[in-house]
Amino acid sequence: MKLQEEIERRRTFAIVSHPDAGKTTLTEKFLLFGGAINVAGAVKSNKIKKTATSDFMEIEKQRGISVATSVMGFEYGGKKINILDTPGHQDFAEDTFRTLTAADSVIIVVDAAKGVEAQTRKLMNVCRMRKTPVMVFVNKMDRPAQDPFELLDEIERELEIHVHPLSWPIGMGSDFRGVYNRFDQTFRSFKGISKQTIGELVEYTDLKDPKFRKHIAPHEDRLDEELELIEGVYPDFVQADYLDGKTAPLFFGSALNNFGVRDILDCFVQVAPSPGPVETETRVVKPDEGKLSGFVFKIHANMDPKHRDRLAFIKIASGKFERNKGYTHVRSGRQVKFSSPTSFMAEKKSVIDVAYPGDIVGVHDTGTFKIGDSVTEGEKIRFNGIPSFSPELFRYVENADPMKFKQLARGLEQLMDEGVAQLFVSVANGRKIIGTVGALQFDVIQYRLEHEYGAKCRYEQFSMYKACWIETDHLEKLKDFRLRKYQQLATDKEGREVYMAESAYNLQMAQDKFPEIKFHFNSEF
Ligand code: G4P
């Protein structure tokens with residue numbers, strides 16, 4: 001197959017949701033429909049169990065187990081699908097944000113009873129920023145749910161995107177009969193009592209078919225009315241609007257009961273984008289360029305302290321990746337060769353010989369890679385769009401074992417390269433500050449420093465509201481700002497200037513007082 005054909009048949013996307021909305025269940029059902037697994041429940045997901053929320057070791061163990069399911073590939077409808085799993089736990093939100101940089105599109109799962117929740121809103125902001133095409137799956141229609149029309153309003157309002165319902169629910173809760181697919185004008189349901197398998201397909205294409213009307217009774221008249229109404233408000237689905245990130249096709253369903261799952265999957269393989277051009281600092285890289293390029297968006301540490309190797313995940317942006325071929329690690333300028341690159345099919349990890357744009361390749365890493373690094377055939381390019389987000393929790397970090405100064409410095413540096421947290425240095429006193437999105441990371445860092453690097457750290461409270469990157473052309477103003485905010489200034493690991501606001505009020509004051517200075521909430525502006 002030619003490179004172009006390989007590119008066109010790839011669909012790399014991330015499934016995201018607020019914890020518990022049904023991301024894991026939907027992922028498993030996709031794998032079931034794709035024939036990649038036979039029984040649901042077999043895939044250990046990236047999900048961090050509720051019971052373990054305060055037990056970070058347990059969480060780290062689960063994260064270790066979940067390496068294999070970070071990416072799940074399978075074939076469906078002639079397409080090669082790569083699902084990027086994202087950690088559901090909100091303390092690992094930064095991981096999820098970064099995973100989105102490797103996704104060519106996103107499916108957002110929303111709980112039909114709870115509607116749009118906090119985490120989903122944040123994730124949508126990232127999609128909007130990157131203009132990533134988004135589809136929505138409204139899950140759990142088999143449970144008492146909000147009125148579908150109200151849900152559409154809420155999703156449009158909260159996610160700030162137009163939605164286009166391509167399926168419509170028939171009944172809900174215990175009276176839920178399934179969904180009518182407006183995209184291919186078919187009603188489908190699957191008979192069977194097991195929730196772990198698919199069951200026998202029941203399909204109707206004629207809305208007037210008496211058998212169909214009996215199947216959905218007593219909702220038949222209501223369905224006619226609602227479909228007419230929907231038709232009036234949402235006439236034609238325009239694929240270009242979806243690809244531009246302006247409209248989100250929306251499907252109702254129940255992942256647990258297989259309703260609506262094949263509907264969204266079938267539509268997805270038809271309309272979702274294959275890998276597109278990627279911006280770098282110097283030029284736009286097109287996937288069909290002959291030469292290989294890719295970037296690291298995730299690094300997963302081995303949880304076994306005796307083997308401190310890591311797995312770096314590279315998203316291929318252009319060209320063909322080949323095993324044992326020499327490539328350039330752009331940041332260091334070093335030549336690298338991968339003798340056992342891995343790819344992921346369903347829950348299995350296997351060594352591959354080639355990979356194409358859209359694919360995710362896992363490579364063994366002994367400390368060479370950092371998040372955002374690029375690999376090429378020699379060209380010095382740096383991909384845009386792997387930003388750090390403003391952390392909201394901060395602590396001073398101190399060495400607790402004077403004999404292990406070097407180990408601490410090295411451990412901190414490597415953990416930051418992995419993207420576990422962000423390290424800042426205070427301009428005023430030179431002290432190191434760790435900034436995170438979730439409180440758990442502090443425990444994780446302390447534990448890992450001790451067990452993987454033999455170093456001990458101590459934290460000291462440092463109460464700040466937010467760190468933001470500052471930028472201006474007005475040097476005089478900047479001087480003035482630096483003078484006045486000296487105590488709140490820090491540098492990030494790249495040496496960029498960061499303002500640590502003590503409160504939302506202080507940030508607002510600073511913004512009002514220094515309109516010439518821009519305050520950015522992610523490191524790529
Ligand atoms: P997450 O990855 O987004 O966190 O959610 P997950 O799929 O784990 O689903 C969360 C809970 O919701 C699970 O129940 C799951 O079985 C249930 N669920 C998912 N989809 C549906 C659906 O369409 N209808 C109904 N009624 N429930 C659904 P749990 O009790 O937390 O876990 P489990 O013991 O069933 O695994």
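The ligand is surrounded by 18 residues, a residue counting as near when one of its heavy atoms lies within 4 Å. The closest are Asp 20, Lys 23, Thr 24, Thr 25 and Asp 142. The model is predicted: local features need pLDDT of at least 70 and side-chain atom pairs count only at pLDDT 80 or more, while totals for chains, interfaces and linings use all residues. Residues are numbered from 1 along each chain as its sequence is written, and side-chain values use heavy atoms, with hydrogens and water left out.

**Ligand surroundings**

- By class, the shell consists of four nonpolar, seven polar and seven charged residues; here Ala, Val, Leu, Ile, Met, Phe, Trp, Tyr, Cys and Pro are nonpolar, Asp, Glu, Lys and Arg are charged, and the others, Gly among them, are polar.
- Helix 2 (residues 23-33) gives the most to this shell, with three residues; helices (H or I, at least four residues) and strands (E, at least two) are DSSP runs numbered from the N terminus.
- A polar side-chain atom of Ser 254 is 2.8 Å from an oxygen atom of the ligand, and an N or O atom in the side chain of Lys 140 lies 3.0 Å from a ligand oxygen atom.
- Ala 21 takes part through its backbone, where a polar atom is 3.3 Å from an oxygen atom of the ligand.
- The ligand taken alone exposes 710 Å², of which the protein buries 69%; accessible areas come from the Shrake-Rupley method with a 1.4 Å probe, and for residues only the protein chains shown count as cover.

**Salt bridges**

- The structure holds 37 salt bridges, each defined as a side-chain nitrogen of Lys or Arg within 4 Å of a carboxyl oxygen of Asp or Glu.
- Arg 10 pairs with Asp 359 in a salt bridge whose closest N and O atoms are 2.8 Å apart. This pair links distant parts of the chain, 349 residues apart: Arg 10 is in strand 1 (residues 10-17), and Asp 359 is in the loop between strand 21 (354-355) and strand 22 (360-365).
- Both Arg 10 and Asp 359 are buried, where buried means under 20% relative accessible area, exposed over 50%, and partly exposed in between (1.4 Å probe, protein chains only).
- Arg 10 and Asp 359 also belong to a network of salt bridges that links them with Glu 6, Arg 9, Glu 75 and Lys 80.
- Glu 231 and Arg 182 form a salt bridge through their side chains, at 3.3 Å from N to O. Glu 231 lies in helix 8 (residues 220-233) and Arg 182 in the loop between strand 8 (178-181) and strand 9 (186-191), 49 residues apart.
- Glu 231 counts as partly exposed because its relative accessibility is 41%, whereas Arg 182, at 10%, counts as buried.
- The closest N and O atoms of the salt bridge between Arg 496 and Asp 492 are 2.9 Å apart; Arg 496 is partly exposed at 28% relative accessible area, and Asp 492 is buried at 8%.

**Backbone geometry**

- Most residues other than glycine have a negative phi, and most peptide bonds are trans.
- Ala 217 and Pro 218 are joined by a cis peptide bond, with omega about 10°; Pro 218 lies in the loop between helix 7 (210-216) and helix 8.
- Lys 131, not a glycine, has a positive phi of about 55°. Lys 131 is located in the loop between helix 5 (118-130) and strand 5 (134-139) and is exposed, with a relative accessible area of 61%.
- Asn 324, also not a glycine, has a positive phi of about 65°. Asn 324 lies in the loop between strand 16 (321-322) and strand 17 (326-329) and is partly exposed at 41% relative accessibility.

Technical notes. A polar contact is a pair of N or O atoms within 3.5 Å; within protein, one must be able to donate a hydrogen and the other to accept it, and residues adjacent in sequence count only if both atoms are side-chain atoms.
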